Amino acid sequence: MIRNIHLIIIVLFIAGSCVFTARAIGAEWSGVDESVVEKYAEEAGRPPRDPYINTDQGDLLLFVFLLGGATGGFVGGYYFRMLFHENKEIAKAKN
Amino acid sequence: MTKTSIRVTAALFAFLMLYGAPAGAMHISEGILPAKWAGLWFILSAPFLFMGLRELKIRSARSPHYKALVGLVGAAVFIISCMPIPVPVVGSCSHPCGTGLAAIIIGPWVTVVVASVALLLQALFMAHGGLSTLGADLFSMGVAGAFVGYGVFKLGKRIGVPVFGAAFLAGVTSDWATYAITSLELSTALGTSSSWLNMFIAILIAFMPTQIPLGILEGFLAGGAYKFIASRRPELLKPFNENAFVGDVK
(Lines give C-alpha, C1' and ligand atoms only; values in the text may rest on other atoms or scores of the structure.)
Protein backbone atom coordinates (compact mmCIF):
# COMPACT_ATOMS: atom_id res chain seq x y z
CA MET A 1 0.00 0.00 0.00
CA ILE A 2 2.74 2.43 1.04
CA ARG A 3 4.64 1.48 -2.14
CA ASN A 4 1.60 2.32 -4.28
CA ILE A 5 1.23 5.67 -2.57
CA HIS A 6 4.89 6.43 -3.25
CA LEU A 7 4.40 5.48 -6.91
CA ILE A 8 1.38 7.76 -7.22
CA ILE A 9 3.33 10.61 -5.59
CA ILE A 10 6.22 10.15 -8.04
CA VAL A 11 3.90 10.09 -11.09
CA LEU A 12 2.01 13.15 -9.85
CA PHE A 13 5.31 14.89 -9.11
CA ILE A 14 6.66 14.27 -12.62
CA ALA A 15 3.39 15.29 -14.31
CA GLY A 16 3.04 18.35 -12.07
CA SER A 17 6.61 19.44 -12.55
CA CYS A 18 6.26 19.18 -16.35
CA VAL A 19 3.22 21.45 -16.25
CA PHE A 20 4.92 23.79 -13.78
CA THR A 21 8.08 24.11 -15.86
CA ALA A 22 6.15 24.64 -19.05
CA ARG A 23 4.22 27.51 -17.46
CA ALA A 24 7.08 29.04 -15.46
CA ILE A 25 9.85 29.14 -18.04
CA GLY A 26 7.92 28.87 -21.27
CA ALA A 27 9.51 25.51 -21.97
CA GLU A 28 9.24 24.32 -25.55
CA TRP A 29 10.36 20.74 -24.80
CA SER A 30 12.74 20.82 -27.71
CA GLY A 31 15.22 17.96 -27.93
CA VAL A 32 18.88 18.56 -27.14
CA ASP A 33 19.66 17.48 -30.71
CA GLU A 34 18.11 20.77 -31.64
CA SER A 35 18.79 23.00 -28.64
CA VAL A 36 22.45 22.06 -28.13
CA VAL A 37 23.92 20.25 -31.17
CA GLU A 38 22.24 22.31 -33.87
CA LYS A 39 22.61 25.57 -31.92
CA TYR A 40 26.41 25.22 -31.69
CA ALA A 41 26.62 24.00 -35.30
CA GLU A 42 24.73 27.05 -36.52
CA GLU A 43 26.93 29.36 -34.47
CA ALA A 44 29.98 27.76 -36.11
CA GLY A 45 28.48 28.29 -39.55
CA ARG A 46 27.58 24.66 -40.25
CA PRO A 47 23.80 24.44 -39.93
CA PRO A 48 22.25 21.00 -40.49
CA ARG A 49 20.86 20.24 -43.91
CA ASP A 50 17.73 18.25 -44.71
CA PRO A 51 18.14 14.49 -44.42
CA TYR A 52 18.29 12.53 -47.69
CA ILE A 53 14.87 11.04 -46.93
CA ASN A 54 13.11 13.90 -45.20
CA THR A 55 10.26 12.54 -43.12
CA ASP A 56 10.18 15.64 -40.91
CA GLN A 57 7.19 17.05 -42.76
CA GLY A 58 3.89 17.61 -41.00
CA ASP A 59 2.57 14.50 -39.32
CA LEU A 60 4.70 12.17 -41.45
CA LEU A 61 7.37 12.01 -38.73
CA LEU A 62 4.76 11.05 -36.14
CA PHE A 63 3.66 8.21 -38.43
CA VAL A 64 7.26 7.02 -38.94
CA PHE A 65 7.93 7.10 -35.18
CA LEU A 66 4.70 5.20 -34.53
CA LEU A 67 5.64 2.62 -37.17
CA GLY A 68 9.19 2.33 -35.79
CA GLY A 69 7.95 1.99 -32.21
CA ALA A 70 5.34 -0.60 -33.15
CA THR A 71 7.82 -2.65 -35.22
CA GLY A 72 10.49 -2.43 -32.50
CA GLY A 73 7.92 -3.39 -29.88
CA PHE A 74 6.76 -6.38 -31.94
CA VAL A 75 10.33 -7.62 -32.58
CA GLY A 76 11.27 -7.14 -28.91
CA GLY A 77 8.09 -8.87 -27.72
CA TYR A 78 8.61 -11.78 -30.12
CA TYR A 79 12.13 -12.48 -28.87
CA PHE A 80 11.16 -11.80 -25.25
CA ARG A 81 8.49 -14.50 -25.49
CA MET A 82 10.96 -16.84 -27.16
CA LEU A 83 13.62 -16.32 -24.49
CA PHE A 84 11.59 -15.96 -21.31
CA HIS A 85 8.57 -18.20 -21.86
CA GLU A 86 9.07 -20.80 -24.57
CA ASN A 87 12.61 -21.76 -23.54
CA LYS A 88 11.63 -21.82 -19.89
CA GLU A 89 8.80 -24.23 -20.71
CA ILE A 90 11.18 -26.41 -22.74
CA ALA A 91 13.66 -26.45 -19.83
CA LYS A 92 10.86 -27.38 -17.40
CA ALA A 93 9.67 -30.16 -19.70
CA LYS A 94 13.23 -31.55 -19.92
CA ASN A 95 13.52 -31.60 -16.10
CA MET B 1 0.50 8.72 3.35
CA THR B 2 3.47 9.23 5.62
CA LYS B 3 4.72 12.60 6.83
CA THR B 4 8.09 11.82 5.26
CA SER B 5 6.48 11.38 1.81
CA ILE B 6 4.76 14.73 2.11
CA ARG B 7 8.00 16.41 3.18
CA VAL B 8 9.97 14.84 0.31
CA THR B 9 7.32 15.88 -2.24
CA ALA B 10 7.19 19.40 -0.82
CA ALA B 11 10.99 19.65 -0.95
CA LEU B 12 11.06 18.49 -4.58
CA PHE B 13 8.40 21.03 -5.55
CA ALA B 14 10.30 23.74 -3.70
CA PHE B 15 13.42 22.78 -5.67
CA LEU B 16 11.44 23.19 -8.89
CA MET B 17 10.16 26.60 -7.79
CA LEU B 18 13.70 27.81 -7.19
CA TYR B 19 15.30 26.12 -10.19
CA GLY B 20 13.85 27.62 -13.31
CA ALA B 21 16.67 28.19 -15.79
CA PRO B 22 15.86 27.16 -19.33
CA ALA B 23 18.35 24.91 -21.07
CA GLY B 24 18.68 23.55 -24.27
CA ALA B 25 21.07 14.40 -28.22
CA MET B 26 23.78 12.76 -29.15
CA HIS B 27 22.46 12.55 -32.73
CA ILE B 28 24.53 14.83 -34.93
CA SER B 29 22.36 15.87 -37.85
CA GLU B 30 23.17 15.62 -41.55
CA GLY B 31 25.69 18.14 -42.83
CA ILE B 32 26.96 19.43 -39.46
CA LEU B 33 30.38 17.76 -39.62
CA PRO B 34 32.84 18.73 -42.35
CA ALA B 35 33.70 15.84 -44.70
CA LYS B 36 37.18 15.16 -43.27
CA TRP B 37 35.85 14.88 -39.71
CA ALA B 38 32.87 12.78 -40.78
CA GLY B 39 35.31 10.49 -42.63
CA LEU B 40 37.63 10.25 -39.62
CA TRP B 41 34.83 9.03 -37.34
CA PHE B 42 33.81 6.45 -39.98
CA ILE B 43 37.40 5.19 -40.05
CA LEU B 44 37.59 5.04 -36.24
CA SER B 45 34.24 3.21 -35.96
CA ALA B 46 34.86 0.69 -38.76
CA PRO B 47 37.21 -1.69 -36.87
CA PHE B 48 34.75 -1.92 -33.96
CA LEU B 49 31.92 -2.73 -36.36
CA PHE B 50 34.05 -5.37 -38.12
CA MET B 51 35.03 -7.00 -34.81
CA GLY B 52 31.40 -6.86 -33.67
CA LEU B 53 30.20 -8.70 -36.79
CA ARG B 54 32.90 -11.33 -36.24
CA GLU B 55 31.91 -11.69 -32.58
CA LEU B 56 28.23 -12.02 -33.55
CA LYS B 57 29.08 -14.85 -35.96
CA ILE B 58 31.22 -16.71 -33.40
CA ARG B 59 28.76 -16.40 -30.52
CA SER B 60 25.71 -17.23 -32.69
CA ALA B 61 27.40 -20.46 -33.78
CA ARG B 62 28.18 -21.42 -30.17
CA SER B 63 24.96 -20.42 -28.40
CA PRO B 64 21.48 -21.20 -29.82
CA HIS B 65 19.82 -18.36 -27.86
CA TYR B 66 22.30 -15.67 -28.75
CA LYS B 67 20.61 -14.39 -31.93
CA ALA B 68 17.27 -14.11 -30.12
CA LEU B 69 18.96 -12.19 -27.30
CA VAL B 70 20.62 -9.85 -29.81
CA GLY B 71 17.22 -9.35 -31.50
CA LEU B 72 15.61 -8.46 -28.19
CA VAL B 73 18.41 -6.10 -27.16
CA GLY B 74 18.55 -4.57 -30.66
CA ALA B 75 14.85 -3.74 -30.56
CA ALA B 76 15.31 -2.24 -27.09
CA VAL B 77 18.27 -0.07 -28.19
CA PHE B 78 16.33 1.13 -31.26
CA ILE B 79 13.31 2.15 -29.20
CA ILE B 80 15.26 3.59 -26.26
CA SER B 81 17.53 5.70 -28.49
CA CYS B 82 14.68 7.38 -30.34
CA MET B 83 12.40 7.89 -27.36
CA PRO B 84 12.37 11.53 -26.26
CA ILE B 85 11.91 11.89 -22.52
CA PRO B 86 10.94 15.28 -21.04
CA VAL B 87 13.19 16.49 -18.25
CA PRO B 88 10.94 18.63 -16.03
CA VAL B 89 13.50 20.89 -14.36
CA VAL B 90 14.97 22.15 -17.63
CA GLY B 91 11.98 22.06 -19.96
CA SER B 92 13.69 20.10 -22.70
CA CYS B 93 13.70 16.54 -24.01
CA SER B 94 16.45 14.05 -24.65
CA HIS B 95 16.80 10.33 -25.09
CA PRO B 96 18.72 7.64 -23.26
CA CYS B 97 21.05 5.48 -25.39
CA GLY B 98 20.57 1.92 -24.17
CA THR B 99 24.06 0.86 -25.23
CA GLY B 100 25.33 0.47 -21.66
CA LEU B 101 22.53 -1.97 -20.92
CA ALA B 102 23.12 -3.75 -24.24
CA ALA B 103 26.85 -4.07 -23.57
CA ILE B 104 26.40 -5.82 -20.23
CA ILE B 105 23.88 -8.26 -21.77
CA ILE B 106 25.27 -9.11 -25.22
CA GLY B 107 28.82 -7.79 -24.88
CA PRO B 108 30.33 -4.47 -26.06
CA TRP B 109 31.45 -5.61 -29.53
CA VAL B 110 28.03 -6.83 -30.68
CA THR B 111 26.48 -3.72 -29.13
CA VAL B 112 28.37 -1.71 -31.78
CA VAL B 113 26.58 -3.76 -34.49
CA VAL B 114 23.20 -3.30 -32.82
CA ALA B 115 23.79 0.45 -32.44
CA SER B 116 24.84 0.76 -36.10
CA VAL B 117 21.55 -0.81 -37.26
CA ALA B 118 19.48 1.40 -34.93
CA LEU B 119 21.34 4.57 -35.98
CA LEU B 120 21.13 3.69 -39.70
CA LEU B 121 17.35 3.22 -39.52
CA GLN B 122 16.97 6.46 -37.57
CA ALA B 123 19.16 8.37 -40.06
CA LEU B 124 17.34 6.96 -43.09
CA PHE B 125 13.72 7.18 -42.05
CA MET B 126 13.31 9.17 -38.85
CA ALA B 127 15.24 12.39 -39.54
CA HIS B 128 17.39 11.54 -36.50
CA GLY B 129 21.12 11.88 -37.13
CA GLY B 130 22.42 11.62 -40.69
CA LEU B 131 24.16 9.32 -43.15
CA SER B 132 27.27 11.49 -43.35
CA THR B 133 27.45 11.71 -39.55
CA LEU B 134 26.71 8.01 -38.98
CA GLY B 135 30.35 7.24 -38.15
CA ALA B 136 30.47 9.95 -35.48
CA ASP B 137 27.09 8.97 -34.00
CA LEU B 138 28.16 5.30 -33.98
CA PHE B 139 31.41 6.11 -32.24
CA SER B 140 29.76 8.14 -29.47
CA MET B 141 26.73 5.91 -28.83
CA GLY B 142 27.92 2.50 -30.02
CA VAL B 143 31.63 2.45 -29.20
CA ALA B 144 32.07 4.86 -26.28
CA GLY B 145 28.69 4.09 -24.68
CA ALA B 146 29.17 0.33 -24.92
CA PHE B 147 32.80 0.06 -23.83
CA VAL B 148 32.61 2.58 -21.00
CA GLY B 149 29.42 0.97 -19.66
CA TYR B 150 30.87 -2.52 -19.93
CA GLY B 151 34.18 -1.50 -18.35
CA VAL B 152 32.45 0.17 -15.40
CA PHE B 153 30.18 -2.89 -14.95
CA LYS B 154 33.15 -5.26 -14.84
CA LEU B 155 35.06 -2.96 -12.51
CA GLY B 156 32.04 -2.61 -10.23
CA LYS B 157 31.61 -6.37 -9.99
CA ARG B 158 35.33 -6.87 -9.36
CA ILE B 159 35.32 -4.50 -6.39
CA GLY B 160 32.20 -6.12 -4.94
CA VAL B 161 29.38 -3.79 -6.00
CA PRO B 162 26.05 -5.68 -6.07
CA VAL B 163 24.73 -6.64 -9.52
CA PHE B 164 22.03 -3.95 -9.55
CA GLY B 165 24.53 -1.29 -8.51
CA ALA B 166 27.11 -2.32 -11.11
CA ALA B 167 24.46 -2.33 -13.88
CA PHE B 168 23.16 1.03 -12.62
CA LEU B 169 26.66 2.54 -12.85
CA ALA B 170 27.09 1.03 -16.33
CA GLY B 171 23.89 2.73 -17.50
CA VAL B 172 24.81 6.10 -15.98
CA THR B 173 28.40 6.20 -17.24
CA SER B 174 27.56 4.92 -20.73
CA ASP B 175 25.02 7.71 -21.17
CA TRP B 176 27.39 10.38 -19.92
CA ALA B 177 30.30 8.99 -21.99
CA THR B 178 28.13 9.11 -25.12
CA TYR B 179 27.36 12.77 -24.62
CA ALA B 180 30.94 13.61 -23.66
CA ILE B 181 32.19 12.06 -26.92
CA THR B 182 29.48 13.89 -28.88
CA SER B 183 30.75 17.13 -27.33
CA LEU B 184 34.28 16.19 -28.37
CA GLU B 185 33.17 15.36 -31.93
CA LEU B 186 31.37 18.67 -32.28
CA SER B 187 34.07 20.82 -30.72
CA THR B 188 36.97 19.31 -32.68
CA ALA B 189 35.08 19.63 -35.97
CA LEU B 190 33.50 23.03 -35.43
CA GLY B 191 36.04 24.83 -33.25
CA THR B 192 39.42 26.21 -34.24
CA SER B 193 42.70 24.76 -32.98
CA SER B 194 42.74 27.38 -30.21
CA SER B 195 39.03 27.40 -29.32
CA TRP B 196 38.03 23.74 -29.44
CA LEU B 197 38.64 23.13 -25.74
CA ASN B 198 36.42 26.06 -24.68
CA MET B 199 33.77 24.86 -27.11
CA PHE B 200 34.04 21.30 -25.76
CA ILE B 201 33.45 22.52 -22.21
CA ALA B 202 30.59 24.81 -23.31
CA ILE B 203 28.78 21.98 -25.15
CA LEU B 204 29.37 19.56 -22.28
CA ILE B 205 27.90 22.05 -19.82
CA ALA B 206 24.92 22.65 -22.15
CA PHE B 207 24.20 18.89 -22.14
CA MET B 208 24.47 18.54 -18.36
CA PRO B 209 21.09 19.82 -17.09
CA THR B 210 19.29 17.33 -19.34
CA GLN B 211 21.73 14.43 -19.36
CA ILE B 212 22.55 14.22 -15.65
CA PRO B 213 18.97 13.27 -14.68
CA LEU B 214 18.51 11.20 -17.86
CA GLY B 215 21.76 9.32 -17.20
CA ILE B 216 20.49 8.45 -13.72
CA LEU B 217 17.20 7.30 -15.25
CA GLU B 218 19.16 5.16 -17.73
CA GLY B 219 21.08 3.72 -14.77
CA PHE B 220 17.84 2.57 -13.13
CA LEU B 221 16.68 1.15 -16.47
CA ALA B 222 19.93 -0.81 -16.88
CA GLY B 223 19.94 -1.99 -13.27
CA GLY B 224 16.31 -3.11 -13.36
CA ALA B 225 16.56 -4.86 -16.73
CA TYR B 226 19.79 -6.66 -15.86
CA LYS B 227 18.46 -7.79 -12.48
CA PHE B 228 15.27 -9.03 -14.19
CA ILE B 229 17.22 -11.19 -16.67
CA ALA B 230 19.64 -12.36 -13.96
CA SER B 231 16.74 -13.55 -11.81
CA ARG B 232 14.65 -15.14 -14.60
CA ARG B 233 17.20 -16.56 -17.05
CA PRO B 234 20.69 -16.24 -15.53
CA GLU B 235 22.08 -18.72 -18.05
CA LEU B 236 21.55 -16.12 -20.80
CA LEU B 237 24.06 -13.81 -19.16
CA LYS B 238 26.68 -16.33 -18.12
CA PRO B 239 28.88 -16.35 -21.24
CA PHE B 240 29.15 -12.55 -21.29
CA ASN B 241 30.01 -12.25 -17.63
CA GLU B 242 32.92 -14.61 -18.06
CA ASN B 243 34.18 -13.77 -21.53
CA ALA B 244 33.61 -10.39 -23.13
CA PHE B 245 35.94 -10.15 -26.01
CA VAL B 246 36.21 -11.57 -29.46
CA GLY B 247 37.24 -15.16 -29.59
CA ASP B 248 37.26 -15.50 -25.78
CA VAL B 249 34.40 -17.97 -25.66
CA LYS B 250 35.63 -21.47 -25.10
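One term before we start: a residue is buried if 20 or more other C-beta atoms lie within 10 Å of its own, exposed if 12 or fewer, and partly exposed in between, with C-beta atoms placed from the backbone. What you're looking at is a predicted model, where local features need pLDDT of at least 70, side-chain atom pairs count only at pLDDT 80 or more, and totals for chains, interfaces and linings use all residues. Residues are numbered from 1 along each chain as its sequence is written, while chains are lettered from A and ligands numbered from 1 in the order in which they are written.

**Stop 1: helix H5 of chain B**

Select residues 108-125 of chain B, which form helix H5. Helices (H or I, at least four residues) and strands (E, at least two) are DSSP runs, numbered from the N terminus. H5(B) has 18 residues and spans 26 Å from its first C-alpha to its last, close to the 26 Å expected at 1.5 Å a residue. That expected span is 1.5 Å times one less than the number of residues. How many residues of H5(B) are buried? Here 13 of the 18 are, so the helix is largely enclosed by the rest of the structure.

Now click B:Ala127, in the loop between H5 and H6 of chain B. Most residues other than glycine have a negative phi. B:Ala127 isn't a glycine, yet its phi is positive, about 50°. B:Ala127 counts as buried because it has 24 C-beta neighbours inside 10 Å.

**Stop 2**

Show residues 35-62 of chain B, helix H2. H2(B) and H5(B) pack at an angle of about 110°, with their axes 7 Å apart. Axes are lines fitted to C-alpha atoms, for helices over the stretch in contact, and angles run from 0 to 180 degrees between N-to-C directions. Under 35 degrees counts as roughly parallel, over 145 as roughly antiparallel, 65 to 115 as roughly perpendicular and the rest as oblique. The two helices are therefore roughly perpendicular to each other. To see the contact (C-beta atoms, placed from the backbone, within 7 Å), pick residues including B:Phe48 and B:Leu49 of H2(B) and B:Trp109 and B:Val110 of H5(B).

**Stop 3**

Next, bring in residues 134-158 of chain B, helix H6. H2(B) and H6(B) pack at about 45°, again with axes 7 Å apart, which makes H2(B) oblique to H6(B). Among the residues in this contact are B:Trp41 and B:Phe48 of H2(B), plus B:Leu138 and B:Phe139 of H6(B).

**Stop 4: over to chain A**

Colour chain A: you'll find three helices and zero strands. Of its 95 residues, 16% count as buried. Zoom in on residues 32-43, helix H2 of chain A, which has twelve residues and reaches 15 Å, close to the 16 Å expected. Its buried residues include A:Val36, A:Val37 and A:Tyr40. What do the buried residues of H2(A) pack against? Look for E2, H7 and H8 of chain B. Following H2(A) is A:Gly45, with a positive phi near 80°.

**Last stop: where the chains meet**

Show both chains together: 49 residues of chain B are in contact with 50 residues of chain A. Which helix gives the most to chain B's side? Select H3(B), with eight residues.

How values were computed. Contact = placed C-beta atoms within 7 Å.
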